[in-house]
Amino acid sequence: MPPEAETHRRIDSRGEACPGPITDLALAYRRAKDGDVLELWATDPGVRSDVRAWAERTGSELLSVEDRDGAIVSVLRVRRRRP
Amino acid sequence: MAGKLAIVMFSGTADKFIPLGVLSQAAAALGVEVDVFVTGFALRGFTKKKQDLPFPSEFAGAAPALAQGLKANKVPPWDEMLSRAKELGAKVYACSMMSSVMGLKKEDFGGLVDDVVGAATFLQKAEGGQTLFI
């Protein structure tokens, strides 16, 4: 059976104060599987460092952080730690 | 950052409840195990019957501006932030001794409080993690 396709999920946390965006990311991560891509849109400036801390903590891969359309867009690949 | 965070919530003034909400929610989002132990006047923030939390008198003049700034920045109220932390697994315990001193029983607390426990139970849970005293 072929593996289930990886998904790309967009999370909109624009307008939410810290730690709202990172919480939305954590909730999406719970439902994600290994290899999935999560794209977090936020406006709170704290998100720049928070996504790094979160990626380090969960072992996920931070692919990019960039400014787009007045928001900070972070793209991460979920890496499930092997037990 | 350790895998566990214990927060002793002791202060009963409104300003101190903001970091409680922010830090418990952020830690829970990072996958950290969060245990909050509520004691002292902070217990007043957790009763079913809502009690107004005062601002410390030295900051009373700045309180309206702070409230306005929180609203403008869409910062959720502290209990909403703590609820989100709980959605991610955080636990909240009320101190049994101070609850008795203040005439509060388990049924007097709202849904945020998971249990009323003794200090030793909390210390046992906190062991090996990081502890914050607010």
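Buried residues account for 34% of the 134 residues in chain B. This value, like those that follow, derives from a predicted model. Chain B comprises 5 helices and 5 strands, and its elements are arranged from the N terminus in the order β-α-β-α-α-β-α-β-α-β. The radius of gyration of chain B is 15 Å, close to the 14 Å that the globule rule gives for 134 residues, so chain B is as compact as a globular protein of that length. Taken along the principal axes, the C-alpha atoms of chain B fill a box of roughly 40 × 35 × 25 Å. When contacts in chain B between residues at least 6 apart in sequence are considered, 82% join residues at least 24 apart.

Chain A contains 2 helices and 4 strands. Its elements follow one another from the N terminus as β-α-β-α-β-β. For the 83 residues of chain A, a compact globule would have a radius of gyration near 12 Å, and the 13 Å found for chain A agrees with this expectation. The C-alpha trace of chain A spans about 40 × 25 × 20 Å along its principal axes. Of the 83 residues of chain A, 31% are classed as buried. Among contacts in chain A between residues at least 6 apart in sequence, 59% link residues at least 24 apart.

The packing of the helices of chain A was then examined. Two packed helices are described by the angle between their axes and the distance between the axes. Helix 1 of chain A (residues 20–31) packs with helix 2 of chain A (residues 47–58) at an angle of about 30°, and their axes lie 10 Å apart. Because angles under 35 degrees count as roughly parallel, helix 1 and helix 2 of chain A are therefore roughly parallel to each other. The crossing of helix 1 and helix 2 of chain A is right-handed. On the side of helix 1 of chain A, the contact is formed by Pro21(A), Ile22(A), Leu25(A) and Tyr29(A); helix 2 of chain A contributes Val47(A), Asp50(A), Trp54(A) and Thr58(A). By residue class, the contact between helix 1 and helix 2 of chain A consists of 6 nonpolar residues, 1 polar residue and 1 charged residue.

Technical notes: Residues are numbered from 1 along each chain as its sequence is written. Chains are lettered from A and ligands numbered from 1 in the order in which they are written. This is a predicted model: local features need pLDDT of at least 70, side-chain atom pairs count only at pLDDT 80 or more; totals for chains, interfaces and linings use all residues. Axes are lines fitted to C-alpha atoms, for helices over the stretch in contact, and angles run from 0 to 180 degrees between N-to-C directions. Angles under 35 degrees count as roughly parallel, over 145 as roughly antiparallel, 65 to 115 as roughly perpendicular and the rest as oblique. A crossing is left-handed if the near helix is turned anticlockwise from the far one by less than a right angle, and right-handed if clockwise. Two residues are in contact if their C-beta atoms, placed from the backbone, lie within 7 Å. Ala, Val, Leu, Ile, Met, Phe, Trp, Tyr, Cys and Pro count as nonpolar, Asp, Glu, Lys and Arg as charged, and the others, Gly among them, as polar. The radius of gyration is taken over C-alpha atoms; the globule rule is 2.2 Å times the number of residues to the power 0.38. A residue is buried if 20 or more other C-beta atoms lie within 10 Å of its own, exposed if 12 or fewer, and partly exposed in between; C-beta atoms are placed from the backbone.
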